[in-house]
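Here are a few friendly notes to read alongside the model. Take them one at a time and keep the picture open.

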Amino acid sequence: MVGSIDMIGRDVEFRVKTGSRATLQLTVADSSGNAKDLSNTVTYATGLWKVWKPDGTLIINAALTYTTRASGVVSYALLAIDTVAANVGRWEGEVELIDSSGNISEQTKSFTYFQEESY
């Protein structure tokens, strides 16, 4: 498993309501803050969008979409199971980009994921 030293910390936060089916989007950047080209489909074959509770319970652990590879944009469309009432809270998440051998080729710094009650 290889981590990346090219990723930078992000001040990214996502706020969603219980029951939301929003699509969350993130731009993967290099250490200079420039969008990273993810066009190499061997190095960046697939990816995972992950969100977890403090006890390590994953509430989202699903395949992401490479929205615009050349400009580093990845996304994840929330599913019904992701935004159930039991997942209300402030959690942390990250994006893992996986190479064609199944190893992590890039791993972003954590982002904040808030799920709020729907009114």
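1. Does Glu116 count as buried, partly exposed or exposed, and what is its relative accessibility? Glu116 counts as partly exposed because its relative accessibility is 27%; buried means under 20% relative accessible area, exposed over 50%, and partly exposed in between, using a 1.4 Å probe and protein chains only.

2. Before going further, note that this is a predicted model, where local features need pLDDT of at least 70 and side-chain atom pairs pLDDT 80 or more, while totals for chains, interfaces and linings use all residues. Residues are numbered from 1 along each chain as its sequence is written, and side-chain values use heavy atoms, leaving out hydrogens and water.

3. Now find Glu116 in strand β9, which covers residues 111-116. The protein has 9 strands and 0 helices (DSSP runs numbered from the N terminus: E, at least two residues, for strands; H or I, at least four, for helices).

4. Look at the neighbours next. Leaving aside residues up to four places away in sequence, Glu116 touches Arg15, Val16, Lys17, Thr18 and Val88 (contact means heavy atoms within 4.5 Å). With Arg15, the side chain of Glu116 makes a side-chain polar contact at 2.8 Å (a pair of N or O atoms within 3.5 Å, one able to donate a hydrogen and the other to accept it; residues adjacent in sequence count only if both atoms are side-chain atoms).

5. Ser101 is another story: 15 residues separate it from Glu116 along the chain, and their C-alpha atoms are 37 Å apart. The C-alpha atoms of the protein fill a box of roughly 40 × 30 × 25 Å along the principal axes.
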